[in-house]
Amino acid sequence: MSLSLVSYRLRKNPWVNIFLPVLAIFLIYIIFFQRDQSLLGLNGQSISQHKWAHEKENTFYFPFTKKYKMPKYSYKKKSGWLFNDHVEDIIPEGHIAHYDLNKLRSTPEAAVNKEHILILTPMQTFHQQYWDNLLQLNYPRELIELGFITPRTATGDLALKKLENAIKKVQTDKKTQRFSKITILRQNSQSFDKLMEKERHALDVQKERRAAMALARNELLFSTIGPHTSWVLWLDADIIETPVSLIQDMTKHNKAVLAANIYQRFYDQEKKQPSIRPYDFNNWQESDIGLEIASQMGDDEIIVEGYAEIATYRPLMAHYYDANGASGEEMALDGVGGGCTLVKAEVHRDGAMFPNFPFYHLIETEGFAKMAKRLNYDVFGLPNYLVYHIEEENH
């Protein structure tokens, strides 16, 4: 029987004329309104919930054709009254990226070689002097990324507000004045509140305090380090004065871990004149007494440097400052602080982090130095290269 004859008989059948429209309506209902069935048979969702590639990517080309092109990413939020259910975060064109970290270098000529540096700051209080000092650094800003983490406390909320206002002024300025990228994180650990207390330097709170600080540093580091990062500079929010060439001065030493000497300006009441004094005692060399104390400790106990209760007699870099000495003089260290410490990114990538647990009876930044040395990286300090901590009265 020919197809033309079949078609003629169907048209002549009145039941067919009724059945076909009903069948079409039923199929439309099933496809677009019946949401409890999986017509696709792939993921358990109704076909009415399925989105094709061009719908998800907001394009008008069907994929796998010569005309199809992935749209470029834009930070501008798109809106529309008709089709407003598109995916906001469109994958940028050429989204499969390849990074050869073997070609990434950390060299003494960091600025010349356009090496990216990541400056990380745990921040509980915003000091305008810290921000002003950061802005006066003369390393190219297009090579600098900033990362901050603040606690979820009243003090942290205030610091965040001031920080965001300061960032907005810079990042809306001329493009040449903007930093490459800025990230702000919030810290949820309740023990981080210990950092707000006046007794934050008391010995009995150091383990809990520094464990919380280690968690904050790790979260900040792992959330911000990228495939272009060559150096990581840990700079405390209390550091308010450094040389403008801080980054170039420290990178030229080409050390895996390098700490500056943290001092503090103050007014000497006895001499009736401004003076300076050592502040950070976490930069030290190991001693035989320190090793002996550690050998007698329990697995969960830590040594905290700079306290009379635990006299280790370790050589402290803070006491080796020579006003007449060369600013570039180096000193081998076994422990470092986080006030102003430069780290080659490969050290962190190789696994050196901030232990929030006793690691060889050390914790946080001092534990990090031990971990770096266990990974066969050398740790150094600059006893005659001073950066300054804010005065306690203004803290």
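Guide: Let us start with the lining of the largest cavity, which by class has 4 nonpolar, 4 polar and no charged residues. Please keep in mind throughout that this is a predicted model.

Visitor: How many cavities of 30 Å³ or more does the structure hold?

Guide: There are 2 of that size, and the second largest cavity has a volume of about 30 Å³. Its lining residues are L118, E145, L146, K181, T183, S223 and T224, and the elements that contribute two or more residues to this lining are β2 (144-151), β3 (181-187) and α6. By class, the lining of the second largest cavity has 2 nonpolar, 3 polar and 2 charged residues.

Visitor: How should I read the way two helices pack?

Guide: Two packed helices are described by the angle between their axes and by the distance between those axes. Here, the axes of helix α6 (residues 206-224) and helix α10 (residues 364-374) come within 8 Å and cross at roughly 60°; α6 and α10 are therefore oblique to each other.

Visitor: Which residues of α6 and α10 meet?

Guide: From α6 come R210, M213, A214 and R217, and they meet E364, T365 and E366 in α10. Sorted by class, this contact of α6 with α10 has 2 nonpolar, 1 polar and 4 charged residues.

Visitor: Is α10 mostly covered or mostly open?

Guide: Helix α10 is mostly covered, since 8 of its 11 residues are buried, namely E364, T365, E366, G367, F368, A369, M371 and A372. The cover over these buried residues includes α6, β6 (257-268), β9 (340-344), α9 (345-349) and β10 (379-389). After α10 comes N376, whose phi is positive, near 70°.

Visitor: Is E366 buried or exposed, and what is E366 in contact with beyond its neighbours within four places in sequence?

Guide: The cut-off for a buried residue is a relative accessible area under 20%, and E366 has a relative accessible area of 1%, so E366 is buried. This residue is found in helix α10, and, with those sequence neighbours left aside, E366 is in contact with R210, N282, W284, I303, E305, D334 and V336.

Notes:
Residues numbered from 1 in each chain as written. Predicted model: local features only at pLDDT ≥ 70, side-chain atom pairs only at ≥ 80, totals over all residues. Heavy atoms only, no water. Axes fitted to C-alpha atoms, helices over the stretch in contact; angles between N-to-C directions. Helix = DSSP H or I, 4+ residues; strand = E, 2+ residues; numbered from the N terminus. Parallel < 35°, antiparallel > 145°, perpendicular 65-115°, else oblique. Contact = heavy atoms within 4.5 Å. Nonpolar A, V, L, I, M, F, W, Y, C, P; charged D, E, K, R; others polar. Buried < 20%, exposed > 50% of the residue type's maximum accessible area, 1.4 Å probe, protein only. 1 Å grid on protein atoms, 1.4 Å probe; cavity = no way out; pocket = protein on both sides within 12 Å on 5 of 7 lines; lining within 4 Å. Points joined across faces, edges and corners; volume = space filled by probe spheres on them.
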